[in-house]
Amino acid sequence: MKTNSFNIKITLVRVHQFIAVLLCVALLQACSSTNVVNIEGKDRTGFYNLQTTFPVSDKDDSYLVKLRAMTTEGEFANTIPDGKIIDFEDIQIVGPDEITGDMRITTGSVSFGVLDDLMADKFFMSAFAGVATTRFKGNFRTQSGLNSEIENNTFEVYVDLKVMRELTDKINAGVSAAFGRNLDLSGTSAVDILINFETGRHMEIEAGYRWFTYDYLSEENDSGVEIDLNGPFIAVNFPL
């Protein structure tokens with residue numbers, strides 16, 4: 001029975017890794033467009049996570065379902081080079097121009113995965129795959145006079161992977177990566193360096209630094225927008 005359980009875990013991890021590789025390839029293809037405009041966040045950036053995990057079965061608590069909500073808020077500013085185009089929903093901005101604004105991105109996901117020890121001492125990993133929905137709401141202002149509010153909702157395939165090391169009985173540290181992509185190759189990605197504090201039997205606090213990217217691609221003009229936001233984050237987890 002243990003051998004079967006181990007084989008199932010290995011299979012699930014490989015499936016998650018395969019999906020993660022596919023999403024990375026999709027991300028590289030998305031960035032291969034010659035008309036992707038990169039917009040960098042300014043100092044005011046905030047990341048907030050709220051999630052819960054619960055076992056699928058009472059007999060084996062290593063198979064989990066995860067419900068996750070993530071909010072990203074920030075301001076951005078950038079120069080659009082001559083000849084570049086931002087084609088975002090109902091607006092079109094043609095460079096050269098200066099763009100500033102603020103945004104709020106909310107992502108909710110449901111995923112299934114495994115939590116298991118690695119071969120190395122005190123190391124463990126988790127791998128989840130599922131679906132997510134992302135809502136982008138932003139205000140765009142340009143030097144040429146545009147002042148527009150944009151809303152966009154997407155439905156994506158979602159994967160997140162995490163590797164942690166136990167520092168004490170209640171403190172762990174490690175890295176995590178989460179990706180979401182829809183059929184248009186638009187979506188989000190986040191890479192975290194984090195530390196986890198177990199504050200109670202059913203509560204954990206995570207804090208660290210996040211590199212976050214929101215991609216929006218338009219096939220009509222072969223154009224895209226890549227918004228990069230970096231900064232500290234805090235998350236609350238309620239494992240059941």
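**Cavities, strands and rings in a predicted model**

A search of the whole structure, which is a predicted model, finds two cavities of 30 Å³ or more.

Colleague: How do you know which residues line the largest cavity, and which lie nearest its centre?

Modeller: A residue counts as lining if it has an atom within 4 Å of a point of the cavity. For the largest cavity this gives 17 residues, of which Asn49, Arg68, Lys162, Ser176 and Asp192 lie nearest the centre. Strands E1 (36–55), E2 (63–80), E7, E8 (171–181), E9 (187–200), E10 (203–218) and E11 (223–239) each supply at least two residues of that lining. By class, the lining of the largest cavity has seven nonpolar, three polar and seven charged residues.

Colleague: And what lines the second largest cavity?

Modeller: Among the residues that line the second largest cavity are Arg68, Met70, Tyr158, Phe179 and Phe212. The elements that give two or more residues to this lining are E2, E5, E8 and E9, and the largest share, three residues, comes from E9. Its classes are six nonpolar, four polar and one charged.

Colleague: How do you know that strand E6 is paired, and with which strands?

Modeller: Two strands pair if there are at least two bridges between them. Strand E5 (residues 97–117) and strand E6 (residues 123–142) have 19 bridges in the antiparallel sense, and 19 bridges also join E6 to strand E7 (residues 147–166), again antiparallel. Both counts meet the requirement of at least two bridges, and therefore E6 is called paired with E5 and with E7. To find these pairings in the structure, look for Arg104 opposite Lys137 in E6 and for Gly138 opposite Ile150 in E7.

Colleague: Which residue in the hairpin of E6 and E7 takes a positive phi?

Modeller: That residue is Gly145, with a phi near 115°, in a hairpin that has four residues between the strands. As background, most residues other than glycine have a negative phi.

Colleague: Why is the pair of Phe136 and Tyr214 called stacked?

Modeller: Rings pair if their centres lie within 6.5 Å, and planes under 30 degrees apart count as stacked. The rings of Phe136 and Tyr214 have their centres 4.8 Å apart and their planes at 20°, so the pair is stacked. Phe136 lies in strand E6 and Tyr214 in strand E10, so the pair ties together parts that are 78 residues apart in sequence.

Colleague: What makes the pair of Tyr209 and Trp211 edge-to-face?

Modeller: Planes over 60 degrees apart count as edge-to-face. For Tyr209 and Trp211 the angle between the planes is 65°, with 4.8 Å centre to centre, and therefore the pair is edge-to-face. Tyr209 is partly exposed because its relative accessible area is 36%, and Trp211 is partly exposed because its value is 39%; the class in question lies between under 20% and over 50%.

Colleague: Why is Pro232 called exposed, and which residues does Pro232 touch?

Modeller: Exposed means over 50%, and Pro232 counts as exposed because its relative accessibility is 57%. Pro232 is found in strand E11 and touches Phe47, Gly208 and Tyr209, not counting residues up to four places away in sequence. Pro232 and Tyr209 are 23 residues apart in sequence, while their C-alpha atoms are 4.2 Å apart in space.

Colleague: Where is the cis peptide bond, and what is its omega?

Modeller: The cis bond joins Gly95 and Pro96, with omega about 10°, and Pro96 has its place in the loop between strand E4 (91–94) and E5.

Technical notes: Residues are numbered from 1 along each chain as its sequence is written. This is a predicted model: local features need pLDDT of at least 70, side-chain atom pairs count only at pLDDT 80 or more; totals for chains, interfaces and linings use all residues. Side-chain values use heavy atoms; hydrogens and water are left out. On a 1 Å grid over the protein atoms alone, a cavity is a set of points where a 1.4 Å probe fits but cannot get out, and a pocket is an open set with protein on both sides within 12 Å along at least five of seven lines; lining residues have an atom within 4 Å of a point. Grid points are joined across faces, edges and corners, and a volume is the space filled by probe spheres set on the points. Ala, Val, Leu, Ile, Met, Phe, Trp, Tyr, Cys and Pro count as nonpolar, Asp, Glu, Lys and Arg as charged, and the others, Gly among them, as polar. Buried means under 20% relative accessible area, exposed over 50%, partly exposed in between (1.4 Å probe, protein chains only). Contact means heavy atoms within 4.5 Å. Rings of Phe, Tyr and Trp (its six-membered ring) pair if their centres lie within 6.5 Å; planes under 30 degrees apart count as stacked, over 60 as edge-to-face and the rest as tilted.
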